Amino acid sequence: MGGAEDDEPPFKRVKVSSGKLGDLSKSTFLREPASCSLNDLMARPLVCQGDDEVVGSKGVVKKVEFVRIIAEALYSLGYNKAGARLEEESGIPLQSAVVKLFMQQILDGKWDESVATLHKIDLMDENIVKMASFVILEQKFFELLDGNNVMDALKTLRTEIGPLCINNDRVRELSLCILSPSQRVLAGMSGQYVLRAMSRTKLLEELQKLLPPTVIIPEQRLVHLVEQALDLQLDACRFHNSLVGEMSLLTDHQCGKDQIPSQTLQILQDHSDEVWFLQFSHDGKYLASSGADCLVIIWEVKLDGLFCVKHRFSGHQKPVSYMSWSPDDHQLLTCGVEEVVRRWDVESGECIHIYEKNGLGLISCGWAPDGKRILCGVTDKSISMWDLEGKELECWKGRRTIRISDLGITSDGKHVVSVCKDSTILLFGWESKAEKVIQEDQTITSFVLSTDNKYLLVSLLNQEIHLWDIEGTVKLISKYNGHKRLRFVLRPCFGGLDQAFIASGSEDSQVYIWHKSSGELVETLAGHSGTVNCVSWNPADPHMLASASDDHTIRIWGLNQVNIKHNGSGSTGVHYCNGAA
């Protein structure tokens, strides 16, 4: 595999250098208190609640807010009597009297009165008052037009909506409705849309989005908070690696280590020398492997999870240090160390094309998202783009890459990622020409781009792996360590459910797995007898991980189950593959 020394050939063994009109009484926004008996009233005194009263052991949950949220939840579930009873018994109304009046005026279509009441609500932000007034008056405008009261609609537009001095583009659209009724159909970004009044219930929902939650409790706020709590539990679970069927609110979510692939299920032994690189196809149905024996092997993943050889690709004259699957997984690019790039048909096993540059070697390869162009790093530190037939379309010269066999292309096709200096990664737009850089303090030995293009995983000379957020302004968000890397290039990977884990090989013959968010080391996998050079997590199966080693083997890791039985497997539950299974 490629070393990180810029002036030496990157052999794997090279040492790396340093609606509707409605009644509010039928709305979930507000309910009238339910009737109660005299005995009920006598049984409990009317309580005046303080805004600073709290509940819970943390002392952070305000009782007034908590009760209001519960009341809203009861109403939204249809338990109107229970919601009204809670308001009455607690003495805490869901909405204040002025807000109740405002909401009823909206539903009754009393536009001028509702705008006047809006100004009586204690709103600190004058912009919110203006935007809410605009929405109300726009509804008034449309209802007047619908009633053929064109002159009153024009008056509303001129004397009430216009003076607000906001959303001038929308005001012009409303003006067109006066001049020509046919203009009420406009062309928008997602097609045509009609300018017209909404239902008053819908209007109330839109106003709710504008007004602060202290004024009107957002709909289903309690459900939203519970869903947030469940998401936080999942994020905090260090071993979560399975799709969630049902999560109970009655117990906290917790997974065990049994969700992490930690048991060797199969050992693939078809390589005759060190295995340097491997990568699953995007659909997880194939695994490609390569290494010092100049051989590329395509393994097919059977329905029972076992691997068998589909093709052996020979033709490279030098060790194969890098590979890249086409977007549709029908083709594979393979790159020999400072040699040529070959394009293979995965189904037939045929070499379709060979890409080369006179007097120069190729060191990396990748696909454009359209599958019609390929990119390659070149030994003269440039990056070239070819069409599939080998015509060079573009060449970015200058210090674009060094002799590290890594090349990243974002799935939107906008950016190419490469190591341009020993400690610098370059992200450049081949169309926009915009550039961003990641500057490390240590020599970079390899990197990998996450499938969602949000993160970059960078392996360093000092035995650390760094996780960078590359959306917007680049920033370092996590570091992983514990593995051993002194001499060779090791290729880590993202993996698991939602790529929640980081895995890497190590020179101590083990595989290390970290929880991506927390940086916690959650598992080490022993079994190989030589340096583990590369790991790849099956993107379609969070419970399947592959590792490539100097011991000439590939190990397939799965869940640690007590009674794993495969046809032809030994008592250890490990299936050995020499040739087709």
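Author: The largest nonpolar core has 43 residues in this predicted model. Leu287, Trp299, Phe307, Leu332 and Ile554 have the most contacts inside this core. Strand β8, residues 296–301, gives the most to the core, with 5 residues. Nonpolar side chains tend to be buried together in soluble globular proteins.

Take Trp299. Leaving out residues up to four places away in sequence, Trp299 touches Leu268, Asp270, Lys285, Tyr286, Leu287, Ser289, Phe307, Cys308, Val309, Lys310, Ile554 and Cys577. Leu287, Phe307 and Ile554 are among the residues with the most contacts in the core, and Trp299 touches each of these.

Now step back along the chain. The loop between β7 (286–291) and β8 holds Cys294. Cys294 is not a glycine, yet its phi is positive, near 65 degrees.

On to β6, residues 275–280. Of its 6 residues, 5 are buried, so the rest of the structure largely encloses this strand. Strands β6 and β7 run antiparallel and are joined by 5 bridges. Within this pair, Phe277 stands opposite Ser290 of β7. The two strands form a hairpin, with 5 residues between them. Gly284 sits in the turn and has a positive phi of about 75 degrees. Backbone hydrogen bonds are what pair the strands of a sheet, parallel or antiparallel.

How does this part look in the records? UniProt, in an unreviewed entry, places the feature "repeat: WD" at five spans: 268–302, 313–354, 367–389, 498–524 and 525–567. For residues 268–302, the end C-alpha atoms lie 14 Å apart. This span is 54% strand and 0% helix. For residues 367–389, the end C-alpha atoms also lie 14 Å apart, and the span is 52% strand and 0% helix.

Look inside 367–389. Lys381 is found in the loop between β15 (373–378) and β16 (383–387). Lys381 is not a glycine, but its phi is positive, about 75 degrees. Is Lys381 buried, exposed or partly exposed? Its relative accessibility is 24%, so Lys381 counts as partly exposed.

Next, a sheet. Strands β26, β27, β28 and β29 form an open sheet in that order, with antiparallel pairing. The edge strands are β26 (493–495) and β29 (521–526), and each pairs on one side only. From one strand to the next, the twist averages 25 degrees. Strand β26 runs antiparallel to β27 (residues 501–504), and 3 bridges join them. Cys493 stands opposite Ala503 in β27.

Back to cores. Apart from the largest nonpolar core lies another core, of 36 residues. Met103, Phe134, Leu137 and Leu207 are among its members.

Last, a helix. Helix α2, residues 63–76, has 14 residues. From first C-alpha to last, α2 reaches 20 Å, close to the 20 Å expected at 1.5 Å a residue. Its buried residues are Val64, Val67, Arg68, Ile69, Ala71, Glu72, Ala73 and Tyr75. These buried residues pack against β2 (61–62), α3 (80–90) and α10 (221–236). Gly78 follows α2, with a positive phi near 95 degrees.

Technical notes. Residues numbered from 1 in each chain as written. Predicted model: local features only at pLDDT ≥ 70, side-chain atom pairs only at ≥ 80, totals over all residues. Heavy atoms only, no water. Pairing = 2+ DSSP bridges. Helix = DSSP H or I, 4+ residues; strand = E, 2+ residues; numbered from the N terminus. Axes fitted to C-alpha atoms, helices over the stretch in contact; angles between N-to-C directions. Core = buried A, V, L, I, M, F, W, Y, C linked by side-chain atoms within 4.5 Å. Buried < 20%, exposed > 50% of the residue type's maximum accessible area, 1.4 Å probe, protein only. Contact = heavy atoms within 4.5 Å. UniProt positions renumbered as here; feature names shortened; annotations may be inferred. Expected span 1.5 Å × (residues − 1).
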